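Open the model in your viewer and keep the selection tool at hand.

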Amino acid sequence: MFVCICRAVTEDEVHDHCSSGAMSVDAIGDRCGAGEGCGTCLERIQEIVNERTATATTAA
């Protein structure tokens with residue numbers, strides 16, 4: 001499923017960027033351009049980052 005329509009970035013791509021260390025909306029945007037168009041995806045990107053952060057915290 002697309003997270004960012006403007007840049008055709010999928011949820012899987014955002015998860016991949018998180019896995020490789022991009023743990024903020026800005027860092028993900030720097031890597032793939034998501035969130036740099038209309039901005040409607042910013043909330044979903046933040047949700048994914050929050051989910052990944054919570055998962056990493058509970059796994060530690």
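Select helix 1 (residues 11-19) and helix 2 (residues 25-32). Their axes come within 10 Å and cross at roughly 110 degrees. That makes helix 1 roughly perpendicular to helix 2, a label for angles of 65 to 115 degrees. Axes here are lines fitted to C-alpha atoms over the stretch in contact, with angles from 0 to 180 degrees between N-to-C directions. Helices are DSSP runs of H or I with at least four residues, strands are runs of E with at least two, and both are numbered from the N terminus.

A word on the source: this is a predicted model, where local features need pLDDT of at least 70, side-chain atom pairs count only at pLDDT 80 or more, and totals for chains, interfaces and linings use all residues. Residues are numbered from 1 along each chain as its sequence is written, and side-chain values use heavy atoms, leaving out hydrogens and water.

Next, show side chains where the helices meet. Pick Val14, His17 and Cys18 in helix 1. They meet Ile28, Arg31 and Cys32 in helix 2. Contact means heavy atoms within 4.5 Å.

Stay in helix 2 and click Gly29. Is Gly29 buried or exposed? Gly29 is buried, with a relative accessible area of 5%; buried means under 20%, exposed over 50%, partly exposed in between (1.4 Å probe, protein chains only). Not counting residues up to four places away in sequence, Gly29 touches Ala34 and Glu36.

Last stop: Ala8, in the loop between strand 1 (2-4) and strand 2 (9-10). Ala8 is partly exposed, at 42% relative accessibility. Check its backbone: Ala8 has a positive phi of about 55 degrees, although it is not a glycine. Most residues other than glycine have a negative phi.

Key: Angles under 35 degrees count as roughly parallel, over 145 as roughly antiparallel, 65 to 115 as roughly perpendicular and the rest as oblique.
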